[in-house]
Amino acid sequence: IVPIPDAVAAAAPPEDPPGVILLLWGFNEWPCKLFLVNQCMLNAGVFVLPTIKASEFFRFLNKAIRALDPKIKKAIDLAYNRIFKFHSLQKPKDIKYVDNFKNKLEYKHVPLQSVGIYVPANLPSTLLMNAVPAKISGVKRIVLANPKFDGKLNPAVLYAAKKVGMKEIYSMGGAQAIASLAYIQKVNKIVGPGNIYVARSKRE
């Protein structure tokens with residue numbers, strides 16, 4: 001029996017996204033903190049989640065990354081370059097030509113406008129494997145949902161996010177994070193691994 005994803009989805013129909021926040025209150029002592037660059041404020045109907053400005057966001061990001069072991073940074077850099085090179089070779093080519101009857105024919109690949117990536121607390125490799133292909137494809141808005149690990153966001157995940165150029169990071173996890181990506185951040189597609197609750201939520 002997996003009731004939570006259904007409950008989250010039911011509590012957060014598109015016309016009433018505050019349901020997710022209300023449900024978060026039930027699962028956590030304090031709701032997930034929200035770090036936004038592209039939005040000024042999210043009014044949940046009951047309270048306003050804390051937000052920070054872009055300059056403060058990058059200061060927070062850099063401060064967290066400074067504590068990261070240089071060897072881990074080097075490993076992430078290497079992984080990023082290898083993943084980027086491989087997926088760059090996968091990028092399909094558009095077709096455009098004029099036939100004998102002077103008809104213009106075109107087959108064009110168009111990227112999604114936005115993608116939400118769910119990354120478990122301590123898996124920077126998951127972020128790279130999902131975010132790098134999105135970046136190469138030309139996705140304009142890549143959103144990260146990443147729960148805290150030992151009370152804080154994982155600096156390795158944050159470093160990978162900075163490497164990819166992500167500007168929208170949400171500290172949230174579980175089925176409610178998937179519901180938030182779908183109904184509040186309203187991304188076109190959600191990717192990334194998770195437990196059975198996360199998997200069921202993505203299916204919903």
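First, the ground rules. This is a predicted model, where local features need pLDDT of at least 70, side-chain atom pairs count only at pLDDT 80 or more, and totals for chains, interfaces and linings use all residues. Residues are numbered from 1 along each chain as its sequence is written, and side-chain values use heavy atoms, with hydrogens and water left out.

Start with the core. The largest nonpolar core holds 30 residues. By nonpolar core I mean buried Ala, Val, Leu, Ile, Met, Phe, Trp, Tyr and Cys residues joined through side-chain atoms within 4.5 Å. Buried is under 20% relative accessible area, exposed is over 50%, and partly exposed is in between, with a 1.4 Å probe and protein chains only. Leu 127, Leu 128, Leu 144, Val 164 and Met 166 have the most contacts inside this core. Elements giving two or more residues to it are helices H3 (54-66), H4, H5 and H6 (155-164), plus strands E4 (114-118) and E5 (141-145). Those are DSSP runs numbered from the N terminus: helices are H or I with at least four residues, strands are E with at least two. H6 supplies the largest share, 7 residues.

Now zoom in on Leu 128. What does Leu 128 touch, leaving out residues up to four places away in sequence? Ile 76, Ala 79, Tyr 80, Ile 83, Pro 133, Ala 160 and Val 164. Contact here means heavy atoms within 4.5 Å.

On to the strands. E4 and E5 run parallel, paired over 5 bridges. Pairing requires at least two DSSP bridges between the strands. Gly 116 has Val 143 in E5 as its bridge partner. Is E4 covered or open on its faces? Both faces are covered: Ser 114, Gly 116 and Tyr 118 are buried on one side, Val 115 and Ile 117 on the other.

Helix H7 (175-183) is next. It has 8 of its 9 residues buried, so the rest of the structure largely encloses it. Leu 181 and Tyr 183 are among the buried ones.

Now the hairpin. E2 (residues 95-98) and E3 (residues 104-107) are antiparallel, joined by 4 bridges. Lys 96 sits opposite Glu 106 in E3. There are 5 residues between the two strands, and Lys 102 lies in the turn. Most residues other than glycine have a negative phi. Lys 102 has a positive one, near 65 degrees. Lys 102 counts as exposed because its relative accessibility is 72%.

Lys 186 also has a positive phi, near 55 degrees. Its place is the loop between H7 and E7. At 52% relative accessibility, Lys 186 counts as exposed.

A pocket is an open set of points on a 1 Å grid over the protein atoms alone, where a 1.4 Å probe fits, with protein on both sides within 12 Å along at least five of seven lines; lining residues have an atom within 4 Å of a point. Of its 19 lining residues, the closest to the centre are Pro 111, Pro 133, Ala 134, Ser 137 and Val 139. H5 gives the most to the lining, with 6 residues.
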